[in-house]
Amino acid sequence: MASAAFQVEGALDEDGRAPSVWDVFARRPGTVRDGHSPAVACDHYHRWEQDVDLLDRLGVNAYRFSIAWPRVVPTGRGAVNGAGLDFYDRLVDALLERGVAPVPTLFHWDLPQALEEEGGWSARGTAPAFAEYAAAAADRLGDRVDRWITLNEPLVHMVYGHVFGVHAPGRTLDVPGALEVAHHLLLAHGLAAGELRSRGLEVLLTNNYSPAEPATGADAGAARAYDALHNRLFTDPVLTGAYPDLSAFTAGEVPGVREGDLDLIAGSADGIGVNYYNPTPVTAPDEGSGLPFGFGEVPGAPVTAFGWPVVPEGLGRMIDLLRARYGDALPPLYVTENGCSYEDSVSVGGRVADPDRIAYLEGHVAAVEAARERGADVRGYFVWTLTDNFEWAEGYHQRFGLVHVDHGTQRRTPKDSFAWYRELIASRTGGQSPTASKGPLS
Ligand code: FCB
């Protein structure tokens with residue numbers, strides 16, 4: 001099961017937390033659908049015990065959550081806020097008591113605003129600041145947490161946050177500016193990986209992956225360009241030590257790369273996190289879009305409330321592609337996010353029927369199992385997400401949870417998919433407690 005701090009915690013001003021880029025961005029009119037506020041989200045900061053109990057009932061043996069950098073190092077670099085770390089300390093202990101392995105992500109898009117004001121990810125200095133924060137978190141939790149994720153979906157953060165401006169920090173950089181952001185994110189990952197590994201900890205990098213499928217033979221070049229951006233930009237440097245061919249985007253080099261950077265980034269992951277939601281059908285570019293590709297549709301595929309096509313085999317194809325592309329350089333894989341949004345509501349009897357979500361998850365779990373049978377080393381599967389939460393620019397409109405949340409009362413109601421997933425886990429662990437099982441993380 002997976003979640004992220006800013007999407008669930010609320011309590012944005014408590015215990016010394018300072019604003020993140022998302023606090024500031026979400027206050028700007030027109031950034032979040034219907035002006036929804038992240039101030040309370042799922043109130044997880046206060047209701048975390050209830051949420052841990054839900055995880056326990058579900059029977060998962062791992063929980064991916066994120067640590068809010070602005071709680072731990074409110075000004076981005078320098079003084080560590082012990083009270084901020086206390087929250088995660090308690091959470092980690094509570095998870096372990098229930099046999100759930102904590103898998104923290106250090107950066108799920110909530111950069112301290114203080115760093116944004118010094119240039120954010122355009123500034124090289126943000127990378128060592130991230131490594132210092134990673135070291136502080138590992139010093140506090142590393143005695144109990146052995147597997148860490150550095151960044152969540154840096155590509156999405158770069159494109160939505162720094163090119164399209166529809167996510168925080170809402171910047172609209174040109175291609176060289178965006179690639180410089182990418183390089184600093186990778187450098188941050190590499191430096192943090194060094195800190196974590198020097199403490200004997202395991203490091204994962206989580207990317208969003210989407211097989212880029214040309215709509216026709218004539219669209220193959222466009223699909224290659226999309227693939228380079230979406231699937232390779234944040235993976236090739238880590239697994240091969242070099243940037244992919246970005247000639248569809250720029251005639252120049254990636255800005256900001258200094259001697260030694262790529263050596264540091266190369267080989268800096270002990271595992272790759274795969275977030276998969278849907279494939280991307282690619283067409284030739286639309287006139288005047290400025291992009292080297294266009295987007296098509298998957299004929300006949302059902303879509304989620306978000307409009308994302310449901311194609312479970314796409315996950316299997318993506319895993320196969322990663323294996324074929326990187327061969328022996330590919331470390332173990334973990335599906336660190338997979339899920340779907342639907343317009344779920346609580347019936348008079350208190351039930352939330354979500355058959356489409358059950359079908360979605362069933363299909364994707366089967367796709368992972370089929371990929372494993374073909375030889376893929378996939379060691380974990382995390383559903384996105386436990387509770388309906390603040391879905392970035394969509395506010396509370398997209399419900400991805402296995403647990404329905406009434407955002408007025410904070411009442412949590414497990415959906416039918418919750419019961420289905422609990423049964424699935426119980427059938428895999430022979431009814432034993434998940435701690436007793438040697439099965440993959442779920
Ligand atoms: C991913 C994000 C996650 C969530 C899901 C639906 O791109 O990592 O925070 O918003 O999409």
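Which residue in strand 3 is the bridge partner of Thr105? The partner of Thr105 is Ile149.

## Basis of the report

This is a predicted model, in which local features need pLDDT of at least 70 and side-chain atom pairs count only at pLDDT 80 or more, while totals for chains, interfaces and linings use all residues. Residues are numbered from 1 along each chain as its sequence is written, and side-chain values use heavy atoms, with hydrogens and water left out.

Helices (H or I, at least four residues) and strands (E, at least two) are DSSP runs, numbered from the N terminus. Two strands pair if DSSP finds at least two bridges between them. Strand 2 (101-107) and strand 3 (147-152) run parallel and are joined by 2 bridges. On strand 4 (residues 202-208), strand 3 pairs in the parallel sense over 4 bridges. Arg147 stands opposite Glu202 of strand 4.

Strand 3 is largely enclosed by the rest of the structure, because 5 of its 6 residues are buried. Buried means under 20% relative accessible area, exposed over 50%, and partly exposed in between (1.4 Å probe, protein chains only).

A salt bridge is a side-chain nitrogen of Lys or Arg within 4 Å of a carboxyl oxygen of Asp or Glu. The whole structure holds 31 salt bridges. One of them joins the side chains of Asp51 and Arg412, at 2.9 Å from N to O. Asp51 lies in helix 3 (residues 44-58) and Arg412 in strand 12 (residues 412-414), so this pair ties together parts that are 361 residues apart in sequence. Both Asp51 and Arg412 are buried.

Helix 3 also contributes Asp53, which forms a salt bridge with Arg98, with 3.2 Å between the closest N and O atoms. Arg98 sits in the loop between helix 5 (82-97) and strand 2, and the two residues are 45 residues apart. Arg98 counts as partly exposed at 28% relative accessibility, and Asp53 counts as partly exposed at 37%.

In helix 5, Asp89 meets Arg144 in a salt bridge of 3.0 Å, N to O. Arg144 belongs to the loop between helix 7 (126-141) and strand 3, and the pair links parts of the chain 55 residues apart. Arg144 is partly exposed, with a relative accessible area of 23%, whereas Asp89 counts as buried at 14% relative accessibility. Salt bridges that share partners join Asp86, Asp89, Asp93, Arg140, Asp143 and Arg144 into one network.

## The ligand site

The ligand is surrounded by Gln7, His108, Trp109, Asn152, Glu153, Tyr277, Glu337, Trp384, Glu391, Trp392 and Phe400, where a residue is near a molecule if one of its heavy atoms lies within 4 Å of it. This shell divides into 5 nonpolar, 3 polar and 3 charged residues. Ala, Val, Leu, Ile, Met, Phe, Trp, Tyr, Cys and Pro count as nonpolar, Asp, Glu, Lys and Arg as charged, and the others, Gly among them, as polar.

A polar side-chain atom of Gln7 lies 2.7 Å from a ligand oxygen atom. For His108, an N or O atom of the side chain is 2.8 Å from an oxygen atom of the ligand. The side chain of Glu391 has an N or O atom 2.7 Å from an oxygen atom of the ligand. The ligand exposes 290 Å² when taken alone, and the protein buries 96% of that; accessible areas come from the Shrake-Rupley method with a 1.4 Å probe.

Notes: Polar contact = N/O pair within 3.5 Å; in protein donor to acceptor, adjacent residues only side chain to side chain.
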